[in-house]
2 protein chains.
Amino acid sequence: MDKKEHIISIAIELFAQKGFEGTSIRELAAKADVNVAMISYYFGSKDKLFEAVVEYKASYMKGILEELAKDKNKTETEKMDAIIESYVNRLLSNPSFHRVLHQELLVQHRKDLSEHIVSIFVKNTNIIKSIIEQGIRKKVFRKVDPELMMASLIGTIDQVLLSRSMCNMLLQKGNDFDPYTDEKFRKRLITHLKLMTHAYLLNE
Amino acid sequence: MDKKEHIISIAIELFAQKGFEGTSIRELAAKADVNVAMISYYFGSKDKLFEAVVEYKASYMKGILEELAKDKNKTETEKMDAIIESYVNRLLSNPSFHRVLHQELLVQHRKDLSEHIVSIFVKNTNIIKSIIEQGIRKKVFRKVDPELMMASLIGTIDQVLLSRSMCNMLLQKGNDFDPYTDEKFRKRLITHLKLMTHAYLLNE
DNA sequence: AAATATTAATTAAACGTTTGTTTAATTCAA
DNA sequence: TTGAATTAAACAAACGTTTAATTAATATTT
């Protein structure tokens with residue numbers, strides 16, 4: 001159904017821009033060029049639309065991570081590097097959607113939806129965690145705190161995604177600069193994360 | 001004015017719990033045990049109330065950081081350790097308010113308010129940045145990326161604050177566990193951040 | 001193949017709530 | 001008695017949702 005997907009993509013855009021509560025069905029319908037009644041007709045309610053939005057985007061990263069985890073040709077260090085690259089590339093390419101999820105986690109308007117998002121996040125992070133733990137077992141990694149190492153990895157990227165203008169102020173760039181699409185910044189972020197994790201994880 | 005402060009403190013609580021858009025004036029008035037008209041009477045509007053909330057809490061951390069920065073009796077490493085401790089202690093003690101700010105940064109409902117919050121954040125982080133840069137000049141620190149090092153530091157804590165239930169899932173604790181008040185977890189977070197920054201910052 | 005019946009998609013209008021805000025009256029304190 | 005504090009009620013606007021009517025598309029029957 002083409003029109004449903006169209007509504008979802010507009011919803012992603014608006015929710016990211018104005019938040020879930022801040023986006024009205026009428027505005028959404030207008031921007032998507034459909035009648036207001038179509039949202040109820042297709043999704044049932046505004047809440048259900050949000051669930052559809054999450055479902056639509058969910059578990060994309062999961063496939064990538066699972067394949068990476070079972071790759072026999074890569075060392076744990078190489079796997080971590082690959083994870084850093086895919087995460088940075090993925091999140092910097094879709095900053096809007098990632099912000100929607102964060103918003104819902106912060107607001108927790110609908111408990112069950114928050115839990116749903118959390119479980120998606122945790123599934124992905126658990127894959128990374130197991131790679132770190134395997135590295136520790138093989139003694140290529142130091143005995144770090146795997147859970148908090150995860151928090152540092154994802155948290156660094158999330159911090160950058162939190163606010164474009166804050167990111168720009170930190171980088172001392174003008175507010176017309178878009179760090180998320182800038183290739184230089186993307187590489188800079190990847191380099192920082194790799195250097196930091198290497199310094200912390202690797203036994204000398 | 002005692003009642004104004006009372007309203008602000010209830011607003012912090014509710015905004016953090018349900019978001020700005022998700023909190024209605026009537027609900028707020030009911031919880032604060034004041035008439036709905038009192039919010040307009042004291043603050044002018046709901047938006048202005050939010051500004052008052054930000055103003056009320058703003059630049060508390062700034063004093064602590066500034067004093068720390070100019071302390072002659074501490075090495076750069078000790079300063080970084082002290083910063084980690086105060087940040088973790090401060091943010092874990094007020095998770096709610098910190099979430100309100102994040103929400104506003106994500107939603108950006110009122111552009112000027114977001115910019116205001118950003119400038120407070122950036123002022124604080126710049127102090128830390130200058131400490132890192134001084135450490136690099138004195139060659140006790142490696143030539144790291146100061147801006148992204150900041151993002152990793154704050155981002156790690158923010159990631160933990162993002163969602164209590166996600167934090168618990170990561171730590172494999174039940175959902176009745178409150179990581180933010182747990183002394184063990186607080187120390188664990190501080191230890192992780194210190195070890196990670198030492199590993200990355202310090203020249204061997 | 002044409003005509004009919006059936007289902008799906010789409011619409012404009014209205015629904016009842018809830019929203020933030022204001023009014024006008026009243027209470028309270030100085 | 002003057003001015004601020006507080007109240008209940010009303011305001012218009014916006015909200016998510018539903019309705020009932022209409023159009024478009026699909027299936028069935030002749």
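Two residues are in contact if their C-beta atoms, placed from the backbone, lie within 7 Å. I wrote that down before anything else, and I also noted that this is a predicted model.

**Entry 1: chain A as a whole**

I looked up the contacts in chain A between residues at least 6 apart in sequence, and 63% of them join residues at least 24 apart. I then went through the elements and found 11 helices and 0 strands in chain A. Read from the N terminus on, chain A therefore gave me a run of α elements, α-α-α-α-α-α-α-α-α-α-α. Of the 204 residues of chain A, 36% count as buried.

**Entry 2: where chain A touches chain B**

I asked how many residues each chain puts into the contact. Chain A gives 41 residues and chain B gives 41 residues. On the side of chain A, the elements that give two or more residues are α7 (95–107), α8 (111–137), α9 (146–162), α10 (164–171) and α11 (183–201). I noted α9(A) as the element that gives the most to this side, with 12 residues. Sorted by class, the side of chain A that touches chain B has 20 nonpolar, 13 polar and 8 charged residues.

**Entry 3: around DNA strand D**

Next I looked up which residues come nearest to DNA strand D. By class, I listed 8 nonpolar, 4 polar and 4 charged residues for the surface near DNA strand D.

**Entry 4: two helices of chain B**

Two packed helices are described by the angle between their axes and the distance between the axes. I looked up both for helix α5 (residues 61–69) and helix α6 (residues 76–93) of chain B: the axes come within 11 Å and cross at roughly 165°. Angles over 145 degrees count as roughly antiparallel, so α5(B) and α6(B) are roughly antiparallel to each other. The crossing of α5(B) past α6(B) is right-handed.

I then listed the residues that meet. From α5(B) they are Met61(B), Ile64(B) and Leu68(B), and from α6(B) they are Lys79(B), Ala82(B), Ile83(B), Ser86(B) and Arg90(B). By class, I counted 5 nonpolar, 1 polar and 2 charged residues in the contact of α5(B) with α6(B).

Conventions
Residues are numbered from 1 along each chain as its sequence is written. Chains are lettered from A and ligands numbered from 1 in the order in which they are written. This is a predicted model: local features need pLDDT of at least 70, side-chain atom pairs count only at pLDDT 80 or more; totals for chains, interfaces and linings use all residues. Helices (H or I, at least four residues) and strands (E, at least two) are DSSP runs, numbered from the N terminus. Ala, Val, Leu, Ile, Met, Phe, Trp, Tyr, Cys and Pro count as nonpolar, Asp, Glu, Lys and Arg as charged, and the others, Gly among them, as polar. A residue is near a molecule or strand if its C-beta atom, placed from the backbone, lies within 6 Å of it. Axes are lines fitted to C-alpha atoms, for helices over the stretch in contact, and angles run from 0 to 180 degrees between N-to-C directions. Angles under 35 degrees count as roughly parallel, over 145 as roughly antiparallel, 65 to 115 as roughly perpendicular and the rest as oblique. A crossing is left-handed if the near helix is turned anticlockwise from the far one by less than a right angle, and right-handed if clockwise. A residue is buried if 20 or more other C-beta atoms lie within 10 Å of its own, exposed if 12 or fewer, and partly exposed in between; C-beta atoms are placed from the backbone.
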